[in-house]
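User: I am new to this structure and would like to learn how to read it. Can we go through it feature by feature?

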Amino acid sequence: MQLYNTLSADERAELIDQAGKQRLTLSFYAYAKIEDPKKFRDDLFIAWNALDALGRTYVAHEGINAQMSVPAENFEAFRDTLEVYDFMKGIRLNVAVEHDDHSFLKLTVKVRDKIVADGLNDETFDVTNKGVHLKAKEFNEILENPDTIVVDFRNHYESEIGHFKNAITPDVETFRESLPIINEQLKDFKEDKNLVMYCTGGIRCEKASAYFKHQGFKNVYQLEGGIIQYAKQIKEEGLESKFVGKNFVFDNRLGERITDDIIAQCHQCGKPCDNHTNCENDGCHLLFIQCDECKAAMDNCCSMECLEITRMPLVDQVRLRSGKQVGNKVFRKGKSDKLKFKHSGELADLAIGTATKPADIRQKIKVKKVLVGKVDHYYVKAQVGLFSIENKELNVGDKIIISGPTTGVQELVLEKMIVNDSKATTAKAGDKVTFAVPFRVRLSDKLYKIFQD
């Protein structure tokens with residue numbers, strides 16, 4: 001019984017490209033009483049794996065929280081796997097506005113204590129006594145009411161690139177931090193103001209609205225389905241968007257555009273920009289906003305220090321980060337004194353730039369990567385790799401990638417090679433090939449050939 005992924009992210013991406021079928025990115029959640037989360041997790045993995053569904057899901061005694069990538073042709077079959085459970089019959093699936101077939105490249109279903117880390121003791125209040133759900137039109141209308149206070153219950157790196165106009169945007173890194181801050185900030189408005197809240201897909205507000213009702217707020221409302229559903233409804237109904245900018249999402253896309261307004265800046269040069277990236281230095285992996293020019297100049301790094309580290313031999317990089325504590329102390333979300341143009345907290349609603357609509361990611365890059373073979377051996381002193389060619393042809397002059405869990409992703413141009421013990425310019429499936437490799441490769445590594453259209 002398979003309860004784990006058998007393919008690497010690179011191999012999965014290759015299969016997705018070869019299939020050429022549209023995939024849908026979607027999210028959903030449900031609060032419910034689940035007696036055996038582990039069995040629930042196992043059953044979901046088996047059912048979803050059979051449908052080629054990928055994504056990240058958390059299950060707990062209190063329910064399920066999922067972000068998924070599903071083949072469009074399997075969408076209804078995927079829904080059926082949910083509706084066999086009574087608490088998910090008729091469940092709302094928040095389908096993304098923008099799609100990327102590579103939004104998720106593996107399937108993970110994990111058992112957690114909670115489906116959202118909220119830091120709350122649920123036994124102290126009624127989690128089912130939630131705020132009033134508002135659809136997009138109703139949400140727009142209540143925002144016009146002078147007695148409305150709207151609060152963004154997302155984190156600083158989310159609200160920085162897009163938020164509703166006039167919203168309170170707490171400068172926090174986790175959802176749990178925002179609850180006491182908002183409670184204290186709005187303590188004098190519990191009786192006479194409308195507390196209106198929103199988040200990405202609705203799950204954080206589902207718990208927060210019940211918490212704030214328990215804290216004594218009389219008029220509590222939440223955006224049904226979050227920003228994802230709001231974006232879909234305003235498009236379908238031709239409504240004005242009160243949301244400006246981009247909606248941060250927790251998959252490989254890192255964001256989907258709601259309006260063409262750019263309200264954020266590149267954290268390195270200050271140019272209007274709202275594209276997130278992760279620092280290339282695996283010992284940092286800082287999430288920050290970086291424009292294309294800085295990305296090229298800094299090789300995806302957040303600082304000169306990290307840039308220098310990425311240019312070291314891999315063994316030295318691993319040694320530098322060995323023993324470091326992981327988590328937010330290392331993998332920070334946009335908090336660094338090296339970022340000159342980082343802003344948080346009360347953010348402006350005015351655009352400082354306008355986005356141009358990009359082409360499909362794979363069309364824009366016009367690069368296709370095809371699996372050619374694998375590593376059989378590496379001769380350390382000679383710095384030569386031995387490879388088995390299993391697919392396609394390999395030619396002198398080809399641009400290739402060698403990748404693996406420890407090796408990372410290494411790109412080079414094949415200048416010369418030995419095929420079956422003789423110098424040659426072409427290798428075919430079944431051949432054994434050796435060529436110089438200026439970095440160490442391993443038996444688990446794969447060899448890819450890059451095609452540019």
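This is a predicted model: local features need pLDDT of at least 70, side-chain atom pairs count only at pLDDT 80 or more; totals for chains, interfaces and linings use all residues.

User: At what angle do α6 and α7 pack, and how far apart are their axes?

Analyst: Helix α6 covers residues 175-185, and helix α7 covers residues 203-214. They pack at about 30°, and their axes are 12 Å apart. Angles under 35 degrees count as roughly parallel, so α6 is roughly parallel to α7.

User: Is the crossing of α6 and α7 left-handed or right-handed?

Analyst: The α6 and α7 crossing is right-handed.

User: Next, sheets. How do strands of a sheet pair?

Analyst: Strands pair through backbone hydrogen bonds, and the pairing is either parallel or antiparallel.

User: How many bridges join β1 to β3?

Analyst: There are 9 bridges between strand β1 (residues 23-31) and strand β3 (residues 63-71). The two strands run antiparallel.

User: What describes a pair of aromatic rings?

Analyst: Two values do: the distance of the centres and the angle of the planes. A search of the whole structure gives 21 aromatic pairs. One of them joins Phe-28 and Phe-78. Their centres are 6.1 Å apart, with 65° between the planes. That pair is edge-to-face.

User: Where do Phe-28 and Phe-78 lie?

Analyst: Phe-28 is in strand β1, and Phe-78 is in helix α3 (residues 75-83). The pair therefore ties together parts 50 residues apart in sequence.

User: Now another helix pair. At what angle do α4 and α8 pack?

Analyst: Helix α4 (residues 136-143) meets helix α8 (residues 226-237) at about 95°. Their axes are 9 Å apart. The range from 65 to 115 degrees counts as roughly perpendicular, so α4 is roughly perpendicular to α8.

User: Which residues of α4 and α8 meet?

Analyst: Ala-136, Lys-137, Phe-139 and Asn-140 come from α4. Tyr-230, Gln-233, Ile-234 and Glu-237 come from α8. By class, the contact of α4 with α8 has 4 nonpolar, 2 polar and 2 charged residues.

User: What is the order of the open sheet of 4 strands?

Analyst: The order is β6-β10-β9-β7, with parallel pairing. At its edges stand β6 (132-134) and β7 (148-152). Each has a single partner strand, so one side of each has no neighbour in the sheet. From one strand to the next, the twist averages 30°.

User: Over how many bridges do β9 and β10 pair?

Analyst: Strand β9 (residues 194-198) pairs with strand β10 (residues 219-223) over 4 bridges, in the parallel sense. Asn-194 stands opposite Asn-219 in β10.

Terms used
Residues are numbered from 1 along each chain as its sequence is written. Side-chain values use heavy atoms; hydrogens and water are left out. Axes are lines fitted to C-alpha atoms, for helices over the stretch in contact, and angles run from 0 to 180 degrees between N-to-C directions. Angles under 35 degrees count as roughly parallel, over 145 as roughly antiparallel, 65 to 115 as roughly perpendicular and the rest as oblique. A crossing is left-handed if the near helix is turned anticlockwise from the far one by less than a right angle, and right-handed if clockwise. Two strands pair if DSSP finds at least two bridges between them. Rings of Phe, Tyr and Trp (its six-membered ring) pair if their centres lie within 6.5 Å; planes under 30 degrees apart count as stacked, over 60 as edge-to-face and the rest as tilted. Contact means heavy atoms within 4.5 Å. Ala, Val, Leu, Ile, Met, Phe, Trp, Tyr, Cys and Pro count as nonpolar, Asp, Glu, Lys and Arg as charged, and the others, Gly among them, as polar.
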